[in-house]
Amino acid sequence: MTSRRRGRIAAVAALGVVAAAVLLWRLGDAPLADWDEAIYAEVAREVGWSHQLTVLYWNYGPWFAKPPLLMWSTAALFHAFGVSALWARMTTATAGFGTVLLTVAIGTRVHRFWTGLLAGIVMLCCYQFVYSSRVGTTDVLLTFFIYLALYLYL
């Protein structure tokens, strides 16, 4: 492995460590604040209650308002680790982390490595992206899959 390649891997690893620190630091300290965040967490909790994945429930009634992937993954985390604000937000924070790394990969593929790395740094400096990644809603998960599709297309 060349020193140039090792330097690039170290730069991406450093960005990954910073992204993990920014997106995961004290993730579960605050209570669920956003209306949507609380609804999604309750729907995920009720997946465990109903033992049914095909029909989601909110307030013990059928709920068909959003795609179920976020609620399914949150329900799996609730089942494995217990119900808490941390695990209600973990799927979105992980998707935000993946989105930062996909931004680097897309920038590298379209232009060059340092452009991709700078794009990942800029994305991590955007308040709205960081805030959305730390709140358990569907927006960043959708963004992650759009970026993934774009990367696979390229």
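**Around S133**

Modeller: Leaving aside residues up to four places away in sequence, S133 touches L23, R89, T92, A93, G96 and V140, where a contact means heavy atoms within 4.5 Å. This is a predicted model, in which local features need pLDDT of at least 70 and side-chain atom pairs count only at pLDDT 80 or more, while totals for chains, interfaces and linings use all residues. Residues are numbered from 1 along each chain as its sequence is written, and side-chain values use heavy atoms, with hydrogens and water left out.

S133 belongs to helix α6 (residues 127-133); helices are DSSP runs of H or I with at least four residues, strands are E runs of at least two, and both are numbered from the N terminus. With a relative accessible area of 0%, S133 is buried, a term that stands for under 20%, whereas exposed stands for over 50% and partly exposed for what lies in between (1.4 Å probe, protein chains only).

R89 forms a salt bridge with E37, the closest N and O atoms being 2.5 Å apart; the term requires a side-chain nitrogen of Lys or Arg within 4 Å of a carboxyl oxygen of Asp or Glu. Because R89 lies in helix α4 and E37 in helix α2, the pair ties together parts that are 52 residues apart in sequence. Both partners are buried, R89 with a relative accessible area of 4% and E37 with 2%.

E37 is one of the buried residues of α2, which also include I39, Y40, A41 and V43, and these buried residues pack against β1 (56-58), β2 (61-63), α3 (69-81) and α4 (85-110). Another salt bridge, 2.7 Å from N to O, joins the side chains of R45 and E42, which are 3 residues apart in α2 and therefore separated by about one helical turn. R45, at 30% relative accessibility, counts as partly exposed.
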